[in-house]
There are 2 protein chains.
Amino acid sequence: MILGQWIGKIDEKSRVSFPKRFREDFGEKLIVTKGLDRNLIIVSVTSWESLLEGTVGQSFLSSDVRAMQRFLLGNASFVELDEKGRFLLPSYLKEHASLSTDVVFAGLHRFVEVWDVKLWEEEQSALREKLPSVATRLAEKERNDE
Amino acid sequence: MILGQWIGKIDEKSRVSFPKRFREDFGEKLIVTKGLDRNLIIVSVTSWESLLEGTVGQSFLSSDVRAMQRFLLGNASFVELDEKGRFLLPSYLKEHASLSTDVVFAGLHRFVEVWDVKLWEEEQSALREKLPSVATRLAEKERNDE
DNA sequence: GTCCCAGTGGGAAAAAGTGGGAAATCTGCT
DNA sequence: AGCAGATTTCCCACTTTTTCCCACTGGGAC
């Protein structure tokens, strides 16, 4: 179970330390990709592959398949940690998440999210406002699914 | 698994660097052809035939198959990389994808797409809008296929 | 305090990317 | 056939990026 948060830095060479506590779960090789919000997602190679099942094998004649592939595969990046546990962050990902220097790594069960500190804090305070209604909707959904 | 993106340039002589990270998977000899959108597709010689299965591998008695053959095969160009990993881009392909100087290479599992940077960004933001519905349709399709 | 380790920063060599000259080849025209 | 202009190929030079180290810092344990 991956959880907790950690604050790290991006240096001039776009290197980022991957939190030590997550390293044993993920290994030395990671997949970094765009998140659905202004953030990044890091997953291990093994869970990445299971995520892709059923989408990438299909024919490129379908425009839906092409769209999904462009999002899932085109935006992803395969990175390896150096001996100090750092990896190189591609610039297109850095831009997508508006990362400057200080970033937050948040463990979310099966994957890790990366946020710019500032945006993370904004998200947190926004969360405080909307959490009650979110909880209500989730509860309704759960009831309907049964 | 081919994934990730990279930005390259087309120089005055219509030469383009093929990203290093893709080179080991593709080798020195590539096939470049028109994509179904405003883009190009690059395939390795070895996976070219398997990629075509299900598209042009079918009977030539079907006029749809013939049409697709004309598009994919008729527009294909066989190129070789120079010692610096560059290849020459035929002008009819350059025009098809509206390429100017900066292009994006996106790795999509078995092949690479080439886009003009501007068009790629537009595609990305369009993707953002339609991704939820795309995901739903793909999930439904998968359920029906079972 | 000292030791140790995770994290951070940076130098320098190597590799990759970019640009362009000049020879070689091709093309069309007289 | 022979020439002129354009295109392609081969090669070299410069710039930027990446990679591989090594050194420093700061906090926690002893």
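Start by selecting L36(A), which counts as exposed because it has 10 C-beta neighbours inside 10 Å; a residue is exposed if 12 or fewer other C-beta atoms lie within 10 Å of its own, buried if 20 or more do, and partly exposed in between, with C-beta atoms placed from the backbone. The model is a predicted one, in which local features need pLDDT of at least 70 and side-chain atom pairs count only at pLDDT 80 or more, while totals for chains, interfaces and linings use all residues. Residues are numbered from 1 along each chain as its sequence is written, and chains are lettered from A and ligands numbered from 1 in the order in which they are written.

L36(A) sits in the loop that links strand 3 (29–34) to strand 4 (40–44) of chain A. Helices (H or I, at least four residues) and strands (E, at least two) are DSSP runs, numbered from the N terminus.

**Chain A as a whole**

Select chain A and colour by secondary structure. The C-alpha trace of chain A spans about 50 × 45 × 30 Å along its principal axes. Chain A has 146 residues, and 30% of them count as buried. Two residues are in contact if their C-beta atoms, placed from the backbone, lie within 7 Å. Among contacts in chain A between residues at least 6 apart in sequence, 57% join residues at least 24 apart.

**Two positive phi values**

Most residues other than glycine have a negative phi. Go to S98(A), in the loop between helix 4 (91–96) and strand 7 (102–109) of chain A; the phi of S98(A) is positive, near 50°. S98(A) counts as exposed because 12 C-beta neighbours lie inside 10 Å. Next take H109(A), part of strand 7 of chain A. H109(A) is not a glycine, yet has a positive phi of about 70°. With 8 C-beta neighbours inside 10 Å, H109(A) also counts as exposed.

Leaving out residues up to four places away in sequence, L73(A) touches V56(A) and, in chain B, L3(B), G107(B), L108(B) and H109(B).

The largest nonpolar core has 62 residues. A nonpolar core is a set of buried Ala, Val, Leu, Ile, Met, Phe, Trp, Tyr and Cys residues joined through C-beta atoms within 7 Å. Select L30(A), I42(A), V114(A), I42(B), V112(B) and V114(B), the residues with the most contacts inside this core. Helix 3 of chain A gives the most to the core, six residues. Centre on V112(B): beyond its neighbours within four places in sequence, V112(B) is in contact with I2(B), F22(B), I42(B), F105(B), A106(B) and G107(B).

**The contact between the chains**

The contact takes 18 residues from chain A and 17 residues from chain B. On the chain B side, strand 1 (2–9), strand 7 and helix 5 each give two or more residues. Helix 5 of chain B supplies the largest share of that side, eight residues.

Stay with helix 5 (residues 117–145) of chain B and look along its length. Where is the kink in helix 5 of chain B? A kink of about 55° lies at K130(B), shortly before the proline P132(B); the bend at a residue is the angle between axes fitted to the seven residues ending there and the seven starting there. W120(B), E123(B) and Q124(B) are buried in this helix. Their cover includes helix 3 (63–74) of chain A, together with strand 7 (102–109) and strand 8 (111–116) of chain B.

**The DNA strands**

Finish at the DNA. Select DNA strand D and the residues around it, K13(A), L88(A), K13(B) and L88(B); a residue is near a strand if its C-beta atom, placed from the backbone, lies within 6 Å of it. Then switch to DNA strand C, with 20 residues around it, of which S17(A), K20(A), K84(A), S17(B) and K84(B) come nearest. Strand 1 (2–9) of chain A and strand 1 of chain B are the elements that give two or more residues to this surface.
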